[in-house]
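User: I would like to learn how to read the features of a protein model. Please take me through them one at a time.

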Amino acid sequence: MPGTLRTLGTWLSAAALGAALLSGGPARADYPEKAVRIIVPYTPGGFNDTMARLFAKHLQDSMGQPFIVENKPGAGTVIGTEAGARAAPDGYTLVIVGFPLVANQYLYGKLPYDARKDFAPIIVGAQTPNFLVVKASSPIQSLPEFVSRAKAQPGKLNYATAGTGTSNHLTMAYFQEEAGIQLVQVPYKGSAPMVTDLLGGQVDTMFDNTPNVLPHIKAGKMRALAVTGAKRSPLAPDIPTVAEQGYPGFAVSVWYGLAAPAGTPPAIVASLNAALNKALQTPEVQRVFAQQGVEPVGGSVEDFRRFFDAQMDKWAAVIRKADIKAD
């Protein structure tokens with residue numbers, strides 16, 4: 001899975017199940033013997049929390065022990081992520097991870113954990129692309145026109161972000177480098193005020209996640225110029241990708257995964273991976289994911305490891321080239 005995420009149907013869990021039987025560490029029958037904690041480095045209510053609770057329910061049903069979600073927000077996910085990294089590597093503490101785990105490694109001068117070394121990947125649960133949007137009444141009709149205007153007026157167009165180092169900020173930093181344009185960042189404290197000001201005409205454009213903008217696109221209040229996935233979104237198949245419009249290889253997905261502390265026995269990791277691949281196929285999980293505007297992913301532990309390494313390399317280059325530092 002180098003660089004991009006594949007669809008759930010590509011995988012399935014036979015290989016992971018076999019790995020659970022062949023790899024070292026406790027046998028599947030011995031795990032779990034008590035409650036398992038899933039740390040969510042966010043407040044309740046967002047998709048990270050939703051996915052954690054769905055995973056907890058299905059793991060509890062399939063493995064016969066409680067899986068308890070614990071929200072530990074703060075410091076741009078650093079507090080909860082550190083708690084996951086520092087937990088005993090025995091399979092009884094897991095942590096929700098995603099885009100910030102990669103980005104924070106390069107945004108902060110010093111972190112209390114190492115994203116590459118301190119985690120054992122389990123599974124990528126879901127992904128969602130960003131959409132590049134403008135207000136419906138904007139004179140900008142297409143991505144090529146957007147780029148032409150930005151080149152003709154360097155530093156004149158502005159774009160909203162949910163803050164320095166967020167996925168929408170880094171996506172625009174990446175696109176500016178690829179397109180050779182210069183825009184002005186207008187940071188906000190979250191997506192809701194970004195959307196409000198874009199609709200009100202206070203900002204010109206923004207990249208944002210599917211759930212935040214798709215309802216406005218479908219309602220005719222926003223115009224989508226492009227989607228950042230490696231392929232078109234099944235939720236908006238008429239909107240072309242950035243790559244299709246002259247930027248081959250450009251792909252950004254906000255992804256959501258589950259990891260354990262480094263050193264967790266491979267058999268436990270493989271057992272969790274197999275159970276979650278099955279959960280991702282259930283109608284309940286697919287229905288909730290679709291309602292949230294995200295796509296299920298799945299795959300093997302090694303798929304996740306390769307994808308994570310590719311993400312680290314990609315965003316290290318973007319952040320260093322743009323000289324972005326955390327606020």
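The dialogue below goes through domains, pockets, a helix and some backbone angles.

User: What kind of model is this, and how are residues numbered?

Analyst: This is a predicted model, in which local features need pLDDT of at least 70, side-chain atom pairs count only at pLDDT 80 or more, and totals for chains, interfaces and linings use all residues. Residues are numbered from 1 along each chain as its sequence is written, and side-chain values use heavy atoms, with hydrogens and water left out.

User: Which domains does the chain have?

Analyst: Domain bounds come from an automatic or database domain assignment. Here the assignment gives domain 1 (36–127 + 254–322) and domain 2 (128–245). Their centres, taken over C-alpha atoms, are separated by 27 Å. Contact means heavy atoms within 4.5 Å. By that rule, 16 residues of domain 1 are in contact with 18 residues of domain 2.

User: How is a pocket told from a cavity?

Analyst: Both are found on a 1 Å grid over the protein atoms alone. A cavity is a set of points where a 1.4 Å probe fits but cannot get out, while a pocket is an open set with protein on both sides within 12 Å along at least five of seven lines. Lining residues have an atom within 4 Å of a point. Grid points are joined across faces, edges and corners, and a volume is the space filled by probe spheres set on the points.

In this model the largest pocket holds about 990 Å³ of space. It is lined by 41 residues, and those closest to its centre are Tyr 42, Thr 77, Pro 100, Ala 162 and Thr 166.

User: How do the lining residues divide by class?

Analyst: Ala, Val, Leu, Ile, Met, Phe, Trp, Tyr, Cys and Pro count as nonpolar, Asp, Glu, Lys and Arg as charged, and the others, Gly among them, as polar. The pocket lining has 18 nonpolar, 20 polar and 3 charged residues.

User: How many cavities of 30 Å³ or more are there?

Analyst: There is 1. The largest cavity has about 30 Å³ of space. Its lining includes Tyr 42, Thr 77 and Pro 100. Strand E3 (93–98) supplies the largest share, 3 residues. By class, this lining has 6 nonpolar, 3 polar and no charged residues.

User: Which residues of helix H10 are buried?

Analyst: Buried means under 20% relative accessible area, exposed over 50%, and partly exposed in between (1.4 Å probe, protein chains only). In H10 (residues 283–292), Val 285, Val 288 and Phe 289 are buried. Seen down the helix axis, these residues fall within an arc of 100°, so they line one face of H10. The arc is that of the directions from the helix axis to the C-beta atoms. An α-helix has 3.6 residues a turn, so residues three or four places apart point the same way.

The buried residues of H10 pack against H2, strand E4 (119–135), helix H9 (266–280) and strand E10 (295–296). Pro 283 and Gln 291 are exposed on the other side of H10. Ala 290, also in H10, is partly exposed, with a relative accessible area of 43%.

User: What should I look for in the backbone angles?

Analyst: Most residues other than glycine have a negative phi, and most peptide bonds are trans. Ala 75 has a positive phi near 55° and sits in the loop between strand E2 (67–71) and helix H3 (78–86). Asp 323 also has a positive phi near 55°, and lies in the segment after helix H11 (301–322).

Notes
Helices (H or I, at least four residues) and strands (E, at least two) are DSSP runs, numbered from the N terminus.
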